[in-house]
Amino acid sequence: MTPFFKTMGALASRAWLEQQGLDTRSQAAWYVEVQVHSDLPNARFELNLYPEEWGFVFRLKAQLSWIRVTDLAFVHGADDLKLLGRTPRLDALAELMTWLEAEHALRFDRAHAIVRTNLDEGRTTAAVRAWLTSA
């Protein structure tokens with residue numbers, strides 16, 4: 001039986017997957033982990049989705065902001081770039097990425113995002129890249 005989590009982060013993760021047409025019924029402990037590199041060699045955005053939460057990491061040079069969302073958004077280890085207060089809803093995350101691009105004069109390569117998942121890899125990768133490039 002698949003566990004059902006009811007935190008804000010869990011509900012957002014499940015809703016996001018459903019909006020992308022992705023099915024998790026075959027995996028109780030599913031995951032979708034995304035890396036989006038930029039045109040700067042030392043800048044990367046990561047999105048992590050799990051049954052119980054979602055979160056993001058932004059790395060820029062030696063700085064790191066790692067935000068997780070369960071019941072609330074919170075800092076996991078560091079928030080050097082002060083992104084906790086800018087944490088959007090999951091469905092609006094692309095807006096944060098656009099702001100980061102403008103703020104730090106970089107461009108994310110959304111079309112070539114690297115996706116790691118235990119769901120249908122081809123479908124998931126296509127869905128993630130389509131979502132990232134539609135914003």
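Predicted model: local features only at pLDDT ≥ 70, side-chain atom pairs only at ≥ 80, totals over all residues.
Six strands make it up, and it is open, with the order S5-S4-S3-S2-S1-S6 and antiparallel pairing. Strand S5 (73-79) and strand S6 (114-117) sit at the edges with a single partner strand each, so one side of each has no neighbour in the sheet. If you step from one strand to the next, the twist averages 15 degrees. As a reminder, strands of a sheet pair through backbone hydrogen bonds, either parallel or antiparallel.

Now look at how particular strands are joined. S1 and S2 run antiparallel with 6 bridges between them, and the hairpin that joins S1 to S2 goes through 5 residues. Within that pairing, Val36 stands opposite Phe45 in S2. On its other flank, S1 is joined to S6 by 4 bridges, again antiparallel, and here Val34 stands opposite Val115 in S6. Over at the S5 end, strand S4 (residues 63-69) is linked to S5 by 4 bridges, also in the antiparallel sense.

Helix H2 (residues 93-104) touches strand S1 (32-37), strand S2 (43-50) and strand S3 (53-60). Its direction makes about 10 degrees with that of S3. Helix H3 (residues 121-134) packs on the sheet too, touching S1, S2 and S6, with its direction at about 135 degrees to that of S6.

What about empty space? Rolling a probe the size of a water molecule over the atoms shows where it is left. A search of the whole structure turns up 2 cavities of 30 Å³ or more. The second largest cavity holds about 30 Å³ of space, and its lining brings back some residues we have already met: Val34, Val36 and Phe45 are there, along with Leu47, Leu93, Met97, Val128, Trp131 and Leu132. S1, S2, H2 and H3 are the elements that give two or more residues to this lining, and H3 gives the most, with 3 residues. Sort the lining by class and you get 9 nonpolar residues, no polar ones and no charged ones.

The largest pocket is another spot to look at, with a volume of about 200 Å³. It is lined by 13 residues, of which Ala12, Trp54, Arg89, Leu90 and Asp91 are the closest to its centre. Helix H1 (residues 8-19) supplies the largest share of the lining, 5 residues. By class, the lining of the largest pocket has 9 nonpolar, 2 polar and 2 charged residues.

Finally, the aromatic rings. There are 5 aromatic pairs in the structure. In one of them, the rings of Trp16 and Trp131 have centres 5.2 Å apart and planes at 85 degrees; planes over 60 degrees apart count as edge-to-face, so that is what this pair is. The two partners come from distant parts of the chain, with Trp16 in helix H1 and Trp131 in helix H3, 115 residues apart.

How values were computed. Residues numbered from 1 in each chain as written. Heavy atoms only, no water. Pairing = 2+ DSSP bridges. Axes fitted to C-alpha atoms, helices over the stretch in contact; angles between N-to-C directions. Contact = heavy atoms within 4.5 Å. 1 Å grid on protein atoms, 1.4 Å probe; cavity = no way out; pocket = protein on both sides within 12 Å on 5 of 7 lines; lining within 4 Å. Points joined across faces, edges and corners; volume = space filled by probe spheres on them. Nonpolar A, V, L, I, M, F, W, Y, C, P; charged D, E, K, R; others polar. Phe/Tyr/Trp six-rings, centres within 6.5 Å; stacked < 30°, edge-to-face > 60°.
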